[in-house]
Every structure is written in C-alpha cells, then in structure tokens.
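Welcome, and please open your viewer. We will go from stop to stop, selecting something at each one and looking at what is there.

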Amino acid sequence: MAYWLLKTEPEEFSWDDQVKRGAKGEAWSGVRNFTARNNLKEMKKGDRFFFYHTGDEKQVVGIGEVIEDAYRDPTAAAGEPWVAVTTGAVERLPQPVTLKAIKAEPKLKNMILAKYPRLSVQPVSAEEWKLICRMGGLKA
C-alpha cells in the first residue's frame, strides 16, 4: 500500500462531503497540474491518503482510501490528458494536523507538503504517514 496527501478547498469539497458520499465514494477530479496528475495515475485501489483542507485551515483532517484506480477525468474536455480516482472516507483525525505543526516537526522537514505546499496530490512516505497519524491522535 502507498500513502498520499490530497488537497481540497473545504468550501468546494470538504471532509464532511467525502463522508456523505458513503461507500460509492467520489471522483477526485479537476486536477490540472501534470505532477499532481502523474501522482493520481500512480494511485491504486486500497492506497490510503490524508485528506487535507487548504485555504484558511491548512490542515490534515481525515484519512481516506482510493476505491478505484485512475480513469479519464469526467470534468476534462475531450482529448485532454487529465485523470481522476474515486476516493472514500476512512476516518476523521481526532486532532487535525496543521501545516504549521508539520513544518515545525524536524522529522517532517523533507516532506513534500513542507517543501511544495501548493502541490495538490503528493506522495507521503510510510514514516511521514506514521508520524502524522500520531500527531493527529491515531495509532499508525
């Protein structure tokens, strides 16, 4: 299993929206950055991801799961190279983990989120995953 971080504006699609989709999940669509798109292509069913609220919040709020591998993004125009994956909610973090807290943790100084906070889809190492889960009040 691989780990990821997916970023969203909570006003557009929030953790609560993800939870409401239930078992059918939701297409994670609308990604228009080639690096982020390539990361979506690498995601596989069963991979886990941190659900990250951008905007004023800037924090990891939940854990989700990829429930369908990459496919053509339904919001893309014909011939455009964009993809989507279907995502589902697993659990809310008992304590959200802020970008500020991540940047303040020396063990996370090389995390992509700390270096490139604007990238909307990014890989997370197993060590980073465990540490952020602990910071958020979960056993990893």
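A word on residue classes before we start: Ala, Val, Leu, Ile, Met, Phe, Trp, Tyr, Cys and Pro count as nonpolar, Asp, Glu, Lys and Arg as charged, and the others, Gly among them, as polar. What you have open is a predicted model, in which local features need pLDDT of at least 70 and side-chain atom pairs count only at pLDDT 80 or more, while totals for chains, interfaces and linings use all residues. Residues are numbered from 1 along each chain as its sequence is written, and side-chain values use heavy atoms, with hydrogens and water left out.

**The whole chain**

Begin with a cartoon view of the chain. Followed from the N terminus, the elements come in the order β-α-β-α-β-β-β-α-α-β-α.

Now switch to the C-alpha trace, which spans about 45 × 30 × 30 Å along its principal axes. The radius of gyration is taken over C-alpha atoms, and the globule rule is 2.2 Å times the number of residues to the power 0.38. For 140 residues a compact globule would have a value near 14 Å, and the chain agrees because its own is 14 Å.

Of the 140 residues, 44% are buried. Here buried means under 20% relative accessible area, exposed over 50%, and partly exposed in between (1.4 Å probe, protein chains only).

Among contacts between residues at least 6 apart in sequence, 67% join residues at least 24 apart. Contact means heavy atoms within 4.5 Å.

**The largest pocket**

Which residues lie nearest the centre of the largest pocket? Select Lys7, Thr8, Glu9, Thr54 and Ser120, which hold that place among the 19 lining residues. On a 1 Å grid over the protein atoms alone, a pocket is an open set of points where a 1.4 Å probe fits, with protein on both sides within 12 Å along at least five of seven lines; lining residues have an atom within 4 Å of a point. The space in this pocket is about 520 Å³, where grid points are joined across faces, edges and corners and a volume is the space filled by probe spheres set on the points.

Colour the lining by class and you get seven nonpolar, six polar and six charged residues. Strands β1 (3-8) and β2 (26-28) each supply at least two of the lining residues, and β2 gives the most, with three.

**Leu113**

Go to helix α4 (residues 112-115) and select Leu113. Is Leu113 buried or exposed? Leu113 counts as buried because its relative accessibility is 0%. Beyond its neighbours within four places in sequence, Leu113 is in contact with Leu5, Lys7, Tyr52, Leu99, Ile102 and Gln122.

**Helix α2**

Move to helix α2 (residues 34-42) and pick Asn39. Asn39 is buried, at 12% relative accessible area. Leaving out residues up to four places away in sequence, Asn39 touches Trp4, Leu119, Val121, Gln122 and Pro123.

A distance to draw here is from the C-alpha atom of Asn38 to that of Val83: 8.7 Å, for residues 45 apart along the chain.

**A loop with a positive phi**

Select Lys58, in the loop between β3 (48-53) and β4 (59-72). Most residues other than glycine have a negative phi. Lys58 has a positive phi, near 50 degrees, and Lys58 is partly exposed at 42% relative accessible area.

Glu91 lies in strand β5 and is partly exposed, at 35% relative accessibility. Outside four places in sequence, Glu91 touches Trp15, Gly62, Ile63 and Leu138.

Finish at helix α5 (residues 126-135), where Glu128, Trp129, Leu131, Ile132 and Cys133 are the buried residues. These pack against β1, β3, β4, β5 (83-98), α3 (99-104) and β6 (121-124). After α5 comes Gly137, with a positive phi near 90 degrees.

Terms used. Helices (H or I, at least four residues) and strands (E, at least two) are DSSP runs, numbered from the N terminus.
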